[in-house]
Amino acid sequence: PMWLLLSAPCAPKNSPGAQEYPRYPRIAFAPPFLQETERLEQRALSSGMPWSIEMLNAKLKACRESGDPDAALRCYATAAAAHNAFPDNVTVKLLLDTCGRAGRLTEALLIYEAAEQAGFVP
């Protein structure tokens with residue numbers, strides 16, 4: 001399946017004064033989502049659609065949701081080389097989120113500094 005429904009608590013149980021909240025489902029993407037996104041990109045390109053930054057952002061979202069910062073950085077590097085991609089604010093945020101969620105704070109800091117120098121306000 002393209003996505004799975006997972007249960008996640010709304011608030012930490014041990015926080016001061018916290019009440020027990022009901023568990024709400026959250027959507028998470030399964031690892032094959034990146035491959036499916038890449039397949040759809042190739043299909044669009046082969047049908048004559050021009051490459052766009054939104055195609056990269058879709059792949060970066062799949063990487064973020066599956067917790068794969070290496071794939072996200074690889075996707076960005078590939079797009080930058082192949083399409084002379086210039087990131088938008090969404091691209092920068094997805095890269096920051098992906099690295100930050102995986103505890104890769106050094107990479108996240110480097111991405112933030114590069115974005116700041118390029119004039120982005122992530």
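This is a predicted model: local features need pLDDT of at least 70, side-chain atom pairs count only at pLDDT 80 or more; totals for chains, interfaces and linings use all residues.
I take helices (H or I, at least four residues) and strands (E, at least two) as DSSP runs, numbered from the N terminus. Residues are numbered from 1 along each chain as its sequence is written, and side-chain values use heavy atoms, with hydrogens and water left out.

**Entry 1: overall fold**

I looked up the secondary structure and found five helices and two strands. Along the sequence I read the pattern β-β-α-α-α-α-α. Of the 122 residues, 31% count as buried (under 20% relative accessible area; exposed is over 50%, partly exposed in between; 1.4 Å probe, protein chains only). Contact means heavy atoms within 4.5 Å. Among contacts with a separation of 6 or more, I found that 53% join residues 24 or more positions apart. The protein exposes about 8,000 Å², and carbon and sulfur atoms supply 59% of that area (Shrake-Rupley method, 1.4 Å probe; for residues, only the protein chains shown count as cover).

**Entry 2: Thr-37**

I located Thr-37 in helix α1, residues 32–46. Thr-37 counts as buried because its relative accessible area is 10%. Leaving aside neighbours within four places in sequence, I found Thr-37 in contact with Ala-58, Lys-59 and Ala-62.

**Entry 3: Leu-73**

I placed Leu-73 in helix α3, which spans residues 69–83. Its relative accessibility is 26%, so I record Leu-73 as partly exposed. Not counting residues up to four places away in sequence, Leu-73 touches Leu-95, Cys-99, Arg-104, Glu-107 and Ile-111. I also checked Cys-63: it is ten residues from Leu-73 in sequence and 9.2 Å away in space, C-alpha to C-alpha.

**Entry 4: the largest pocket**

I used a 1 Å grid over the protein atoms alone, where a pocket is an open set of points at which a 1.4 Å probe fits, with protein on both sides within 12 Å along at least five of seven lines; lining residues have an atom within 4 Å of a point. The largest pocket holds about 160 Å³ of space, the volume being that filled by probe spheres set on the points, which are joined across faces, edges and corners. The elements giving two or more residues to its lining are α3, α4 (89–101) and α5 (105–117). α5 gives the most, with three residues. Leu-73 belongs to the lining, and I noted Tyr-76, Phe-86, Leu-95 and Ile-111 among the other residues there.
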